[in-house]
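Take a look at the sequence and the structure first.

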Amino acid sequence: MKNTHPQGSAQTLAGKITEWLTFDNMHHQWLLLAACFWVIFMFMVASKFITLTFKDPDAYSAKQEFLLLTAVPDVGKLPGEKHFPEELKPTGKVLSDSRLVQPLVYMERLELIRNVCRDEALKNLSHTAVSKFVLDRIFVCDKHKILFCQTPKVGNTQWKKVLIVLNGAFPSIEEIPENVVHDHEKNGLPRLSSFSDAEIQKRLKTYFKFFIVRDPFERLISAFKDKFVHNPRFEPWYRHEIAPGIIRKYRRNRTETRGIQFEDFVRYLGDPNHRWLDLQFGDHIIHWVTYVELCAPCEIKYSVIGHHETLEDDAPYILKEAGIDHLVSYPTIPPGITVYNRTKVERYFLGISKRDIRRLYARFEGDFKLFGYQKPDFLLN
């Protein structure tokens with residue numbers, strides 16, 4: 001009996017050691033498993049944090065200009081073709097920062113045009129045929145697949161210079177002589193009307209298309225001053241041919257011997273029968289006809305509509321969307337030149353009858369509505 005007791009004690013001790021080791025081993029396994037779960041949990045938290053950290057900071061800018069995927073309506077559809085007004089398609093232009101983004105303001109402008117174009121009550125003021133007159137207004141840059149519709153008195157000279165450089169006629173904007181910009185034999189800017197019907201359709205459907213607008217009445221004031229008052233390019237036909245024709249038909253005071261006045265100009269433009277004089281004046285009327293007549297925004301689906309009043313923002317945006325911002329810059333804009341000047345508008349319309357102003361607005365109402373310009377009640381009422 002004395003000989004077996006130590007052996008039993010040893011077996012008991014060995015059993016306890018084995019039990020302890022087994023328990024300790026399981027304890028380590030549970031600790032290891034818990035550690036794995038902790039690592040996975042921390043990784044998930046870190047991933048979520050990284051995602052939140054790297055969201056586009058522009059989405060919460062001071063101006064709250066939320067950025068959306070760049071998209072425009074189906075482009076280049078002419079009358080008779082199938083329209084998909086609700087569908088949005090990407091421009092296909094990749095921005096320099098590799099993001100397809102478009103501030104909400106530009107999307108809203110396109111959406112407004114679509115809505116006004118669908119308004120049957122405004123159809124006569126918002127729709128026009130894509131005639132040769134319209135195609136003559138659209139300049140082509142095939143190298144970069146750009147179409148620019150000319151809207152005179154809205155800073156178009158500068159955009160022509162941009163396209164002239166892009167087409168390779170001159171190496172820089174500064175080197176373009178002023179007398180060449182509007183000389184279509186020398187400036188290297190082909191018009192869309194110079195192409196075949198098939199080539200026209202192809203460009204309208206696939207090219208980046210844009211034009212610029214400004215307050216319609218302020219544009220008319222600019223046209224009047226430029227062509228009938230200052231005439232800086234020495235175009236004598238405006239004073240010696242067009243002005244006398246307007247005066248003969250629309251001047252109320254026949255004893256008045258001064259040259260054409262803004263009131264005469266307003267009465268001519270607001271006359272529902274103005275077209276017979278337009279035919280006599282030819283293409284010179286491009287300086288004061290409506291944006292609808294110039295660019296057919298309900299028939300041609302433009303990629304971007306710029307506003308003269310916000311040109312400091314719109315010009316760089318257009319260059320970026322067109323994919324040419326690394327090639328050319330828009331010329332420097334003098335401070336304050338693009339700001340809407342209500343005082344000037346009031347001054348020019350002072351003394352003109354409400355009837356004549358209302359008739360003028362009736363003609364340009366489509367432009368006001370299509371491009372979001374406020375109805376000038378301070379002149380009409």
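## Disulfide pattern

Count the bonded cysteines along the chain, and the disulfides follow the pattern 1-4, 2-3. This is a predicted model. A search of the whole structure finds 2 disulfides. One is formed by Cys117 and Cys298. Another joins Cys149 to Cys295.

## Cys117 and Cys298

The sulfur atoms of Cys117 and Cys298 are 1.9 Å apart. This pair links distant parts of the chain. Cys117 is in helix α2, while Cys298 is in the loop between α12 and β8. The two cysteines are 181 residues apart. Their link is left-handed, with -90° about the S-S bond.

Are these two cysteines buried or exposed? Cys117 has a relative accessibility of 11%, so it counts as buried, the cut-off being under 20%. Cys298 is buried too, with a relative accessible area of 3%.

## Cys149 and Cys295

In the disulfide of Cys149 and Cys295, the S to S distance is 2.0 Å. Here too, the pair links distant parts of the chain. Cys149 belongs to strand β6, which covers residues 146-149. Cys295 sits in helix α12.

## Helix α2

Cys117 brings us back to its helix. Helix α2 covers residues 104-117, 14 residues in total. From its first C-alpha to its last, α2 reaches 20 Å. That is close to the 20 Å expected at 1.5 Å a residue.

Which residues of α2 are buried? They are Tyr106, Met107, Arg109, Leu110, Ile113, Arg114, Val116 and Cys117.

## The loop with Lys301

The loop that holds Cys298 lies between α12 and β8. Lys301 lies in the loop between α12 (291-295) and β8 (304-307) as well. Lys301 is buried, yet it has no salt bridge. How far away is the nearest side chain of opposite charge? That side chain is Glu299, at 7.1 Å. A salt bridge would need the charged atoms within 4 Å.

What does the side chain of Lys301 reach? It reaches the backbone oxygen of Cys298 at 3.0 Å.

Note on methods:
Residues numbered from 1 in each chain as written. Predicted model: local features only at pLDDT ≥ 70, side-chain atom pairs only at ≥ 80, totals over all residues. Heavy atoms only, no water. Helix = DSSP H or I, 4+ residues; strand = E, 2+ residues; numbered from the N terminus. Expected span 1.5 Å × (residues − 1). Buried < 20%, exposed > 50% of the residue type's maximum accessible area, 1.4 Å probe, protein only. Lys, Arg positive; Asp, Glu negative; His and termini not counted. Polar contact = N/O pair within 3.5 Å; in protein donor to acceptor, adjacent residues only side chain to side chain. Disulfide = S-S within 2.5 Å.
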